[in-house]
Amino acid sequence: MQKFYIALFLTLNAITFSIAQNLQSPKDFLGYELGTQFSRHHQVVDYFKHVALQIPSQVQLEKYGETNERRPLYVAYVSSEENIKNLETIRQNNLKNAGVLDGNSSSNDIAIVWLSYNVHGNEASSTEASMNTLYKLLTEKQDWLKNTVVIIDPCINPDGRDRYANWFNETSSQPYDVDQQASEHNEPWPGGRPNHYLFDLNRDWAWATQVESASRLKVYNKWLPQIHVDFHEQGINEPYYFAPAAEPFHEIITDWQRDFQTQIGKNHAKYFDANGWLYFTRERFDLFYPSYGDTYPTYMGAIGMTYEQAGHGMAGLGIMNDEGIELTLIDRIAHHTTTGLSTVEIASKNAQKLNTEFKKFFDNNALKYKSYVLQGNADKIKSLTALLDKHDIKYGNANSGKVSGYLYAISKEGSMTTTANDLVVSTNQPKGKMIKVLFEPNAKLSDSITYDITAWSIPYAYGLNAVASTSLVPSKPYNANKNETSVQSDAVGYITHWNSLNNAKFLAALLKQGFKVRFTEKPFENNGENFDRGSLIITKGYNKNMNTFDATLGEIASSFNVKLTSATTGFAKRGPDFGSPDIKLVNKQKIAILSGNYTSSLSYGELWHFFEQQLHYPVTSINTDDFGQVNLDKYTVLIIPNGYYGRLLNDANIEKLQNWISKGGKLIAIDGALNSFADKKGFGLKRNKPEDSTKTDKNITPYAEREREYTKNMITGAVFKSNVDNTHPMAFGYDNSYFTLKLGSSSYSLLENGYNIAYLGDNPKNVSGYAGKEALKGLSNSLVFGEERIGNGSIVYMVDNTMFRSFWENGKLFLVNAIFFVNNNSYEL
């Protein structure tokens, strides 16, 4: 019998050895040495499938989604045979440590490391390194896997990666050209960095507006790893960056998280020093803005880190940097492989400590604010709950009563009377620290030199009244409001309020279905109900051609949860009647957007995504290279995204735009696009030119202090309270104030012969985020949104970009109003 077991043991080992022998290296599988070509996404997926097929006892592959261009998204779970057998138990134990699952963990010694590659498509060395890292873990580093589960996402952004890889593969010289001026080192617009809709996925973790982010969060929150690494590339002259991160660190980051970053960095340094590779730490890349691939995991208890390799889309297969050193893709892969393996190594050596400190992170007793109570429009509340659901953050409805605390609307202490429809989000749950980060009125900033925006508070972004309470506010299970939509045969028409993006989606659906829709420019009362400016009116008389008017309208309203009020007469008890000149037809606008060179790909992408995925209203994208030949008379609205149009909008093209506007066209210029019209003949937009109150000669500022001195002139994504003329059609659905996210210090004077729809007054109110004292001086009496009439048409100036990263939900209705309501005498095709 003993001989039998020995024989069985030898047989099983032989089988295992045979399977391992069938495992091919990336080179053998792909047919080329890693670093000598850029692999297409499907080849990377095929390699991961090959590994999972050959060693299923140590590798599990999970598809977690698809991109807009139908490329699959995968993660691979890599560990020892024993751990893979107990993978679900390990996952549950980790979630018990985080408090997500009830009960005590049965184990406290398995580290969970998540490695994310290629969030920026043209930072393409990391996906190549993911294959190399996978192979080396299984063939050289088995010991580390005994107490470590490694989760590998080989490519977060397949659409961007293939855009870059396909362009490079069809463009590059053979052999590659190291000259920086060669065409293979200069990507065409929009480049491979963003995803299909040209979003920066590394700024989308918290907002999850993109399908890649939303899909990833579902699996990420099932695991909550203890370490997360986001692999990147930077400029060709900066060798390699790894942890520890730079200041500012957000205040919720623990001493352990800070210290262990340093330990990891020292481990990397050991290998880089041995190879003579240069690196730097503690510079540029801070841990503050919550929507990065390092900060979001950090606020979820992990050691979140960014690793940056020299290269980026410019480097190609090889390039000569400014120091005369050839940087190759082979080098870049080696560096990323080294830091990836080093991360797994130090996790394995500190598995028990990682688990212990991870568990401690989820103690939220020390948080100042225990609950955030939000009230306002039901559609906006519902939109917020959709975001919270993506992060597995719990919430409930308030009880009727009074809550005291910090009032966001007035930026000081006060109280708010609550109703059963209000939302309560409390920090006595596992994601309590993330709740603090997302909802806090004004994040504490330890250093004014930051890498990104410094304000993002949810109540301001969603346009909700809110109070942050130091007491735990009781709540009950959430119950979403459901409007019952009914139609009446004796109704002459139907009315609905206008106060949310959901109403805008309803309008877009009606227009696409061929409904004739009207809106009111003045308040009125009908059927015992008051309706404010912007309310929509759909009358049977104007829709005689629709045989199923009532039924179709009811179906559309129900699908958007829109309440319709039946009107048995067009005679108003107060305000204009249905036939009044103050109740106007909504034109079915034909919209065009500029894209291509000169436009910011991010700004264009935000608009493209908004119309296709949110508003669901058709637009035509016009490439800037074709602008001179385009017949603008085919469009009623032209949107110019943020960009740099000095060479495009020359005198001839400006005159072309002016002629089109004067005939009734509507031009909407956003952010940087305003530079092309400011101080130009024929336009009333003027730059603010405040006197410099400082007499100091800036040239005497020491060289080492110049960067910090310059921050006095900067605004790094700060929130300001603006005044709003909500009698103007662009502001229908808004109150008389609006919290605007200001991304920079650009300032324009109030319009002398136009409409100042939203603006900052004598003493601009900065409620959240960093704004330098010199920059603040330049914002007095400055424009936020304005309209200027030119002939029969209009130009709308949007100084602040309400579509920025698509997360400032409360600003989106301004753009819709500009399109459909502003100067509604504009011609319709």
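The dialogue below takes up helices, cavities, a pocket, sheets and aromatic pairs in turn.

Author: Please note first that this is a predicted model, in which local features need pLDDT of at least 70 and side-chain atom pairs count only at pLDDT 80 or more, while totals for chains, interfaces and linings use all residues. Residues are numbered from 1 along each chain as its sequence is written, and side-chain values use heavy atoms, with hydrogens and water left out.

Reader: Which residues of H9 and H13 make the contact?

Author: Contact means heavy atoms within 4.5 Å. H9 contributes Trp-256, Gln-257 and Phe-260, and H13 contributes Lys-353, Leu-354, Glu-357 and Phe-361. Classes are assigned as follows: Ala, Val, Leu, Ile, Met, Phe, Trp, Tyr, Cys and Pro count as nonpolar, Asp, Glu, Lys and Arg as charged, and the others, Gly among them, as polar. On that basis the contact of H9 with H13 has four nonpolar, one polar and two charged residues.

Reader: What is a cavity, and how many of 30 Å³ or more does a search of the whole structure find?

Author: On a 1 Å grid over the protein atoms alone, a cavity is a set of points where a 1.4 Å probe fits but cannot get out; a pocket is an open set with protein on both sides within 12 Å along at least five of seven lines; and lining residues have an atom within 4 Å of a point. Grid points are joined across faces, edges and corners, and a volume is the space filled by probe spheres set on the points. The search of the whole structure finds three cavities of 30 Å³ or more.

The largest cavity has a volume of about 50 Å³. Among the residues that line the largest cavity are Trp-256, Gln-257, Leu-354, Glu-357 and Phe-361. H9 and H13 are the elements that give two or more residues to this lining, and H13 supplies the largest share, four residues. The lining of the largest cavity divides into five nonpolar, four polar and one charged.

The second largest cavity holds about 40 Å³ of space. Strand S9 (residues 303-310) gives the largest share of the lining of the second largest cavity, three residues.

Reader: Which residues lie closest to the centre of the largest pocket?

Author: The largest pocket has a volume of about 780 Å³. Of the 34 residues that line the largest pocket, Ser-383, Ala-386, Lys-505, Gln-614 and Glu-809 are the closest to its centre. Helix H14 gives the most to the lining of the largest pocket, with seven residues. By class, the lining of the largest pocket divides into 13 nonpolar, 14 polar and seven charged residues.

Reader: In what order do the strands of the open sheet of seven strands come?

Author: Strands of a sheet pair through backbone hydrogen bonds, either parallel or antiparallel. Two strands pair if DSSP finds at least two bridges between them. In this sheet the order is S15-S14-S17-S12-S16-S13-S18, with antiparallel pairing. The edge strands, S15 (412-418) and S18 (475-477), each pair on one side only. From one strand to the next, the twist averages 40°.

Within the sheet, four bridges join S12 (residues 371-375) to S16 (residues 423-426), and Tyr-372 stands opposite Val-425 in S16. H14 lies across S12 and S16, at about 25° to S16. Helix H15 (residues 432-439) also lies across S12 and S16, running at about 50° to S12.

Reader: How many bridges join strand S32 to strand S34?

Author: Five bridges join S32 to S34 (residues 782-790), and the two strands run antiparallel. The bridge partner of Tyr-755 in S34 is Glu-787.

Reader: How many aromatic pairs does a search of the whole structure find?

Author: Rings of Phe, Tyr and Trp (its six-membered ring) pair if their centres lie within 6.5 Å; planes under 30 degrees apart count as stacked, over 60 as edge-to-face and the rest as tilted. The search of the whole structure finds 56 aromatic pairs. One of them, Tyr-289 with Trp-456, is edge-to-face, at 6.0 Å centre to centre and 75° between the planes. This pair links distant parts of the chain, 167 residues apart.

Technical notes: Axes are lines fitted to C-alpha atoms, for helices over the stretch in contact, and angles run from 0 to 180 degrees between N-to-C directions.
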